[in-house]
Amino acid sequence: MKIKEVKSLDAKELAEKLENAKAALDTMKLNHQISPLENPSQIKAARRDIARMMTELRSRELNK
């Protein structure tokens with residue numbers, strides 16, 4: 001998810017996507033421990049997407 005897409009979402013949608021992304025990351029990590037993922041860089045990309053979403057939520061909180 002690009003930063004442009006993150007900024008276009010409202011706070012409620014962003015929070016929902018963040019929760020879904022965190023759950024998907026946990027599932028991905030668990031599956032990777034059991035049997036290696038075909039593309040382990042997906043974990044890295046998911047972590048970065050989560051960080052982008054959290055950063056945007058925090059900046060909105062501070063700008064209120």
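User: What are surface patches made of?

Analyst: Patches are made of residues with over 30% relative accessible area and no salt bridge, where like charges are joined within 9 Å and nonpolar side chains (Val, Leu, Ile, Met, Phe, Trp, Tyr) within 5 Å. A salt bridge is a side-chain nitrogen of Lys or Arg within 4 Å of a carboxyl oxygen of Asp or Glu. Lys and Arg count as positive, Asp and Glu as negative, with His and the chain ends not counted. A charge is placed at NZ of Lys, CZ of Arg, CG of Asp or CD of Glu. In this structure, Lys29, Lys44, Arg47 and Arg48 form a positive surface patch.

User: What kind of model is this?

Analyst: This is a predicted model, in which local features need pLDDT of at least 70, side-chain atom pairs count only at pLDDT 80 or more, and totals for chains, interfaces and linings use all residues. Residues are numbered from 1 along each chain as its sequence is written, and side-chain values use heavy atoms, leaving out hydrogens and water.

User: Which helix gives the most to the positive patch?

Analyst: Helices are DSSP runs of H or I with at least four residues, and strands are runs of E with at least two, numbered from the N terminus. Helix H3 (residues 41–63) gives the most, with three residues. Lys44 lies in helix H3.

User: Which residues form the negative patch?

Analyst: Asp10, Glu13, Glu16 and Glu19 form it. Glu19 lies in helix H2 (residues 11–34) and is exposed, at 59% relative accessible area.

Definitions and conventions: Accessible areas come from the Shrake-Rupley method with a 1.4 Å probe; for residues, only the protein chains shown count as cover. Buried means under 20% relative accessible area, exposed over 50%, partly exposed in between (1.4 Å probe, protein chains only).
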